Amino acid sequence: MQIDLSGKTARIAGADHPISAALGDRLTGCGARLVPAGPADVLILSAPLLEAAGFDWDGLADTARTEGAAMKARGGGRIVFLLSASAGLPVRRQPDLSARMAGLGVLMRTLAMSLAPEVAVNAMGAGAIGGDALCSGTAEMIGHASVGRAGTVREACDVALFLCDPDNGYLTGQLLCADGGWGAGYGRSF
Amino acid sequence: MKADLDGRVAVVTGGAGAIGTAICRMLAANGARVVVADINGDGARALAADLPDALACAIDISSESSAHEGVAAVLSRYGQIDILVNNAGVNTQAHRVTIDNFPKAEWDRIVRIDLDGTYLMSQAALKPMVARGAGGRIINIASVVGIAAMRLQSPFAAAKAAIVHLTRAMAIELGHHGILTNAIAPGSIMSEGTRALFYGKDGLFGSRTEEFMRHIPMGRPGDPEEIARAVLFLGSPAASYVNGQCLAVDGGWTAGYTL
């Protein structure tokens with residue numbers, strides 16, 4: 001999949017993890033110029049995907065609000081949150097993380113309403129993503145994803161990249177999960 | 001976005017309609033061999049003639065035999081189905097009334113096409129897809145009315161909500177075959193039908209259209225191409241870990257309470 005970001009700037013704020021790192025490369029590959037700070041046409045707001053403690057959650061939300069308002073004033077852009085799929089379905093083993101994700105998911109939706117029509121705001125929700133060591137989700141989730149495997153970092157990036165597409169002018173306020181069907185229901189037969 | 005669907009066979013029901021036509025064109029432009037399936041055979045043939053290596057198929061999705069005959073015609077031409085887009089559907093135009101007065105015959109017509117038709121067409125296509133063992137994609141076109149209920153269209157609301165949940169049921173049953181099922185919930189999309197209801201000068205709800213638009217953060221109806229782009233993503237190799245999702249393409253309509 002390829003989207004056209006030539007002439008656009010992109011900025012990744014928040015937590016560093018394999019998905020945010022790989023997404024930076026993908027954005028560059030689509031023609032965007034990565035900027036470390038300041039205004040950007042595409043703003044990625046990256047949440048930690050495994051551990052809630054020690055991260056400045058309020059800082060990420062503040063960045064979303066202030067940069068979103070500036071983006072709207074400039075006349076357009078895309079904001080994409082990198083979240084865990086627990087934004088949509090809380091995970092017993094990750095209570096604090098799930099609560100943070102749900103909060104950011106609602107922030108994403110309220111920003112989608114307040115920043116329209118200039119800015120589209122959406123979120124990628126990562127299920128069990130990674131190889132031997134998962135960078136998102138828990139090992140228990142894999143057996144409940146009906147595709148029967150963990151997802152790859154690339155597959156999570158693909159969803160995020162789709163949400164960055166400047167052509168998607170009517171898609172806003174959505175949490176789109178890369179979770180292999182984990183959140184859809186009981187993927188096992190009892 | 002661009003995606004590589006080179007050689008994939010994509011069946012689009014309701015393919016001759018406004019959204020269906022945009023889906024067919026989008027998939028064909030990205031390399032798919034498209035089957036324009038529609039109860040309107042003339043419309044399907046006209047569109048297929050305009051697409052490379054496409055097939056027109058007159059199908060009534062609410063008829064089990066017609067769905068199977070259509071799939072047989074697709075297999076005889078291409079030998080495979082990779083993507084099924086269950087896009088065909090109807091809503092009531094003449095009977096904009098509340099549930100206590102909703103006519104049974106109109107209820108049956110809408111549920112039979114929208115919900116039964118999605119089941120019948122999926123079942124017909126899935127038999128060869130599962131047997132082939134090469135995986136595939138099913139994309140069900142639901143509606144925002146299946147997420148947030150709206151008045152004077154109760155069977156449509158019920159059938160589209162059922163499609164959202166049927167999508168999840170299909171996703172968890174078919175995922176281990178490599179067949180991924182997702183739904184798209186279009187918001188209000190500009191077409192001949194919605195023009196007659198809302199957007200035309202003499203539309204049925206014309207005077208209320210401005211008020212209606214205040215509930216949509218993007219402040220405008222959507223474009224069929226905007227739905228087609230979401231279909232392209234969900235049908236593409238890039239969506240290989242997306243399963244059981246319902247993606248609303250609705251200008252933010254169902255993101256929250258807008259007023």
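Let us start with one residue. Arg168(B) touches Ala184(A), Gly185(A) and Gly244(B), leaving aside residues up to four places away in sequence. Keep in mind throughout that this is a predicted model.

**Exercise 1. Describe the contact between the two chains.**

Task: State how many residues each chain gives to the contact, and which elements of chain A take part.

Solution: 
- Step 1: Take the totals. Chain A gives 36 residues and chain B gives 35 residues.
- Step 2: Name the elements. On the side of chain A that touches chain B, helix H3 (95-115), helix H5 (153-164) and strand E8 each supply at least two residues.
- Step 3: Sort by class. That side of chain A holds 16 nonpolar, 15 polar and five charged residues.

**Exercise 2. Draw the sheet of chain A.**

Task: Write down the order of the strands in the open sheet and pick out its edge strands.

Solution: 
- Step 1: Recall how sheets are held together. Strands of a sheet pair through backbone hydrogen bonds, either parallel or antiparallel.
- Step 2: Write the order. The six strands of this open sheet in chain A run E2-E1-E3-E4-E5-E8, and the pairing is parallel.
- Step 3: Find the edges. Strand E2 (33-34) and strand E8 (175-178) of chain A each pair on one side only, which is what marks the edge strands.
- Step 4: Check the pairs around E3(A). Five bridges link E1(A) with E3(A), and E3(A) also pairs with E4(A) over five bridges. Ala10(A) has Val42(A) as its bridge partner, and Leu43(A) has Ile79(A).
- Step 5: Check the pair at E8(A). Strand E5 (residues 119-126) of chain A is joined to E8(A) by four bridges. Here Ala123(A) stands opposite Leu175(A), and Ala126(A) opposite Ala178(A).

**Exercise 3. Look at both faces of a strand.**

Task: Work out which residues of E3(A) point each way, and which residues of E8(A) lie on each side.

Solution: 
- Step 1: Apply the pattern to E3(A). Val42(A), Ile44(A) and Ser46(A) point one way, while Leu43(A) and Leu45(A) point the other way.
- Step 2: Draw the conclusion. Five of the five residues of E3(A) are buried, so E3(A) is largely enclosed by the rest of the structure.
- Step 3: Turn to E8(A). One side has Leu175(A) and Cys177(A), the other has Leu176(A) and Ala178(A), and all of these are buried.

**Exercise 4. Compare the directions of two helices.**

Task: Using the angle between H2(A) and H3(A), say how the two helices are arranged to each other.

Solution: 
- Step 1: Read the geometry. H2(A) and H3(A) pack at an angle of about 10°, and their axes are 11 Å apart.
- Step 2: Apply the cut-off. Angles under 35 degrees count as roughly parallel, so H2(A) and H3(A) are roughly parallel to each other.
- Step 3: List the residues in contact. H2(A) brings Trp57(A), Ala61(A), Ala64(A), Gly68(A) and Lys72(A), and H3(A) brings Arg100(A), Leu107(A), Leu111(A) and Leu115(A).
- Step 4: Sort these residues. Six are nonpolar, one is polar and two are charged.

**Exercise 5. Spot some backbone features.**

Task: Find where the cis peptide bond lies, and which loop holds Asp53(B).

Solution: 
- Step 1: Find the cis bond. It joins Ala116(A) and Pro117(A), with omega about 0°. Pro117(A) sits in the loop between H3 and E5 of chain A.
- Step 2: Examine Asp53(B). This residue is not a glycine, yet its phi is positive, about 50°. Asp53(B) lies in the loop between helix H2 (41-48) and strand E3 (55-58) of chain B.

Conventions. Residues are numbered from 1 along each chain as its sequence is written. Chains are lettered from A and ligands numbered from 1 in the order in which they are written. This is a predicted model: local features need pLDDT of at least 70, side-chain atom pairs count only at pLDDT 80 or more; totals for chains, interfaces and linings use all residues. Two strands pair if DSSP finds at least two bridges between them. Two residues are in contact if their C-beta atoms, placed from the backbone, lie within 7 Å. Ala, Val, Leu, Ile, Met, Phe, Trp, Tyr, Cys and Pro count as nonpolar, Asp, Glu, Lys and Arg as charged, and the others, Gly among them, as polar. Axes are lines fitted to C-alpha atoms, for helices over the stretch in contact, and angles run from 0 to 180 degrees between N-to-C directions. Angles under 35 degrees count as roughly parallel, over 145 as roughly antiparallel, 65 to 115 as roughly perpendicular and the rest as oblique. A residue is buried if 20 or more other C-beta atoms lie within 10 Å of its own, exposed if 12 or fewer, and partly exposed in between; C-beta atoms are placed from the backbone.
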